2 protein chains.
Amino acid sequence: MRKKTLSEPKSKPRKTNVLFQKRQMQIIKKATKLFMKKGYVQTSMREISRATGIDIRNLYYFIKSKEDILFLVFEMIHKREEELFEQEGLMTVDDPLEQLKTLIHEFIYYSYDYADEILLLYRESKALSKRLLKIILARESKVVSYLEEILKKGKARKVFHFEDASFTANMIIYQLSLRALRRWNMKKYSKEKLIDLLEKQILKSVLA
Amino acid sequence: MRKKTLSEPKSKPRKTNVLFQKRQMQIIKKATKLFMKKGYVQTSMREISRATGIDIRNLYYFIKSKEDILFLVFEMIHKREEELFEQEGLMTVDDPLEQLKTLIHEFIYYSYDYADEILLLYRESKALSKRLLKIILARESKVVSYLEEILKKGKARKVFHFEDASFTANMIIYQLSLRALRRWNMKKYSKEKLIDLLEKQILKSVLA
């Protein structure tokens, strides 16, 4: 499956193929579990092949390398976050408080669904090459700057009160990863309770 | 040097010996640098020996294993934090706002001096055995509960306002690691500026 005939187009159909993406997602999910359990460096492609049930030669059809998997995990997190701003029209909502509340909710639910992936981002991003790490950090910064825009609008309308928009946006994004990064000490809270506490805490930090 | 004569006392003199502790601290510092650069798993005792200039056989006189070094790094962070509460008398200060402000300052300055060690705690604690990880998490919880005590006193005196003391304490400790965990996006701030922003943000979250 790795070899292609000459008539086969190079990459576009791979990226747009639903089945291809579904299989890639499967690989990412299983690999994340292994990376979390054993660490990224100690996980071999052979183990990923075993965990996914995909023959190792076929595995390379879907992903270029082990580093490619790690990169795709992080890409997936940021892609989802960017979609919220870009495709789901969060930036076209006029009311900044409404925007912030929606963002908080979406990010918190996401931090439950993708807790492993978020923790992996903090733990293993150092394993990426400088080039790929740069891409990941740029995407993360993009998310922060969307939030910064919302905060600035809210400040101009005197709904929000804070000193520095960039710092506040960074802090909010960071706070929204609380559960992923400190899961061991958050177990006493139900999902609903923790979401409620987080939302109140973040809103308090920007409301007067 | 690893072998001891029978007449040599077992461990007490090692732990109380100033030179022994100084050498151990040297090892921890150098090893942290290597762990940050290469990752914990990929760093060998041989490399630590080379970096410290301590012959590998002598190295084992000061530390039991590579895992022991990682454990000692985390112990050092928590020990410093506990000292603030226990030996430096923070818990005997009557005014809760004064207590909180002192804690914030001490922790922020600490997060500058030991940024690598704090980041390592989030990145590599998974590498510890379950037994050692449990000890580390218990020490971290102890720090959180000291802060919880301060917050509760402040709430009883109507100085602080929050819903859940444990959540708020966890969040404050987490916020104080902001720079260590998101250093790449904090470079635009001077140390003084970031400390000022962090202090204001945390105080706002508990003051009315």
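Buried area is the accessible area (1.4 Å probe) that two parts lose on being put together, summed over both. By that count, domain 1 of chain A and domain 2 of chain A bury about 1,300 Å² between them. Carbon and sulfur atoms carry 73% of it. This is a predicted model: local features need pLDDT of at least 70, side-chain atom pairs count only at pLDDT 80 or more, and totals for chains, interfaces and linings use all residues. Residues are numbered from 1 along each chain as its sequence is written, chains are lettered from A, and side-chain values use heavy atoms, without hydrogens and water.

**Domains**
- Chain A is assigned domain 1 (12-63) and domain 2 (67-206); such bounds come from an automatic or database domain assignment.
- Their centres, taken over C-alpha atoms, lie 26 Å apart.
- Contact (heavy atoms within 4.5 Å) involves 14 residues from domain 1 of chain A and 16 residues from domain 2 of chain A.

**The domain 1 side**
- A:Ile28, A:Met36 and A:Tyr40 lose the most area to domain 2 of chain A, together 46% of what the domain 1 side buries.

- One salt bridge crosses the interface; the rule asks for a side-chain nitrogen of Lys or Arg within 4 Å of a carboxyl oxygen of Asp or Glu.
- A:Glu117 and A:Lys29 meet through their side chains in a salt bridge, at 3.6 Å, N to O.
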